[in-house]
Amino acid sequence: MFVQIKDLTFRYKNSQKPLFENLSLSFKQGEVSVILGESGSGKSTLLRLIAGLEVPSKGSILIDQAVMNDTFRFVQPEKRGVGLVFQDYALFPHMTVEKNIKFGLTKMNRKQKQARMEELLTIVGMEDYASRYPYELSGGQQQRVALARAMAPNPSLIMFDEPFSNLDSKLQLQIRDELQEILKRTGITSIFVTHDEEDARAIGDRIILMNNGKIQDEGRPEMVLQKSKEKLSLAYV
Amino acid sequence: MYYIRKMRSQFNSWALLSVIFSILILLPALLIMVQLFAESNENWEHIKEYMLKNYIVNSVTLVSFTGLFTVLIGVSAAWLVSAYKVPMHRFFKWGLILPLAIPPYIGAYTYHGILNYTGVIQTSLRNQFGIKVDQKFFDIMNIPGAVFIFTMFLYPYVYIITKSFLENQSSSLIENARLLGKGSFMTFIQVVLPVSRAAIVGGVSLVILEVFNDYGVVKYFGIQTFSTAIFQAWFGMGDIYSAIKLAGTLMFIVVLILILEKVIRGRKQYSYSTSKVRPLQPKELKGWKKFAVLSFFLSLFALAFAIPFIQLLHWVYMTYDVILSAAFADLIWNSVFVAAVGSLLIIMVALIIANFSRLSKGWTGKFFSKITVLGYSIPGAVIAIGVLTLFLFLDQKVISLYEWLGLEPTLVLSLSISMLIFAYVVRFLAVGFNSIESGFDKVGTVFTEASRTLGMSVTKTFFKVDIKMIKGAIAGGFILVFVDILKELPLTLILQPFNFYTLATKTFQYASDERIHEASVSSMVIICISALSIFFLHRVLEKEPK
């Protein structure tokens, strides 16, 4: 297993009840997993915990067999080698596309940085936009730059927090297909978070259905979605 | 285990520096509190027995009446400016803030100069019209006079906060009241006043703190208050213990008032959680109403800014050739130097504490951000006494170190300019901190998080991302602190090194020596720099899209 989460417990500081209690979950290498759930179900928080942006109160997280946190250790987000594409992209507004993508390339010399940046722009099809600022780009273009930026340092795992929610529906389909293509080509392990069943079905190798901080079901997309539909219709009956 | 790990995840140089700075800032206040309960001496017994009651009565009278009048004037001006349109509307909107550029002590001696026997009014009456007036109608060197001065030059605090609240938060409520058939006056009484209570209380508590902080006005007018008593104890009797006791008592009163403020404000913040608020559209006024509002604005602007400003301008014209010299250049250099160094330090400390406070989740961060605000609530003279105690204590340590090393023992720290600058940092940290904190609030933490998942540490992120995204807030904070230090009087008077004067303290010295014409040039420099910063902050920044 590439990512292993064991007995994870987490509570937000201003809430009484823990969001996760003894949550265990794992992700396979090279797999595209989708965490599907309503807003407030805890799916984004799970991403933040894996990325190291939140500190769990109990449990452990391993990535590629390295302990990210357990009872004694806590690896800072910058040392985890995990890429995260934020819901509203979080492109640095004071930097050009080029600077944004080069931002995470700390261990390379100038030539290598330039080459890597150009490579990624080609992958996302934005070769002509290197000198633009984020506010000069459309939503779809920003999305692609955010993906390029997250992939640039060659993370072993890349995660997406509601990546399509800010795009109009036509663009959504196009970007989704492109993204799927890129992920398949690079073979990178990835985790998506979404509330949209269609997105989950289209992009995921596996779906994890989450509700109120608990995993309700997981498995191949058709199976999970079929079961949840049956449950729903049963509830109607 | 969890807490240890959590602490470890948050413990870094940011936390360490924040703790160190916070302790340094707390120290002067703590020293005063500790000494408040120390054994008393003869002087203090005397003060307590015969004078303390007088200080309390005078201070409380000044504070109450100034509070009342600033609310009346500040709130009505804010309401009229935001709800109605009169000629020169755009000018009055920020022009009514301008009196804030005139420190009350400058306003005090200017008005005295206008009204006294040799002043422009009485001279004109005598010479042009042959009228001799009863002096008692023209004497403002008393408590009502001081209330007038404080009200004129401090009402903008209430005005600014209430105005921005009314403009940004209340449009739907006010429009609804109008639709429900309420006239302007009833809308004001039944809707505007209650909903803006929190804003008004916020503004008037700033006014109250300023009045407690004041030394220049009351000293010049010969009114005995806590500030003058602290000066008397320290400079008059050389009695640091009584000064500390007085400072402690005053601090105690201020804390009581701050608690009262929290209670009055309570949970009634009345602010909308949505960001989609429509600004209030001002209504065009016609007929006598237009005339009435216009004359209110005009007379307020005249009394609180134009008249003293023009008078000072005249005095500047009379004296500039005597005053403008190498010595005056030194004065400007001193002022700019301490203000620049102080502001720079404050911005650095504020950045460190604010960044730590926003990134650490839980109570620790909040705790540190509260500490920074402390200094702004405590009157300058009190902070000065606290800082003085601290530095005298440190000097004793240094002296024993010098003796041990076989060197000539001297007072190193308590005679140096570093003591003054340290006190500025304690007093004005809140001003810089608030500006930077609101800058951070606006950008949120998402960019920081993005940077960290891209492999940058907290510190690298701070320099490459955070600091660049809040440039405007940093500049704004710097300007505000700079102007505050430039105007500062009581603290500087107590802590300035021997033969070291700033524009503010020189102004005050001239005025105390009844050389008010000579005081005008340095006053003018202070006023012009303050006015420029007000213009910049309220006019230029307001135009920027938020």
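## Helix α7 of chain B

K163(B) and E167(B) both belong to helix α7 of chain B, where four residues, about one turn of the helix, separate them. Helices here are DSSP runs of H or I with at least four residues, strands are runs of E with at least two, and both are numbered from the N terminus. The two side chains form a salt bridge with the closest N and O atoms 4.0 Å apart; the term requires a side-chain nitrogen of Lys or Arg within 4 Å of a carboxyl oxygen of Asp or Glu.

This is a predicted model, in which local features need pLDDT of at least 70 and side-chain atom pairs count only at pLDDT 80 or more, while totals for chains, interfaces and linings use all residues. Residues are numbered from 1 along each chain as its sequence is written, chains are lettered from A and ligands numbered from 1 in the order in which they are written, and side-chain values use heavy atoms, with hydrogens and water left out.

Accessibility is classed as buried under 20% relative accessible area, exposed over 50% and partly exposed in between (1.4 Å probe, protein chains only). E167(B) is buried at 15%, and K163(B) is buried at 5%. K93(B), at 26%, is partly exposed.

## Other salt bridges

Over all chains, the salt bridges number 21. One of them joins the side chains of R515(B) and E518(B), at 3.6 Å from N to O. R515(B) is partly exposed, with 37% relative accessibility, and E518(B) is likewise partly exposed, with 23%.

In chain A, salt bridges link E31(A), R206(A) and E218(A) in a network. Side chains of opposite charge can pair when their charged atoms come close.

Strands β9 (residues 206-211) and β10 (residues 214-219) of chain A pair in the antiparallel sense over five bridges; strands count as paired if DSSP finds at least two bridges between them. L209(A) stands opposite D217(A), a residue of β10(A).

Two residues lie between the strands of this hairpin, and N212(A) adopts a positive phi near 50°.
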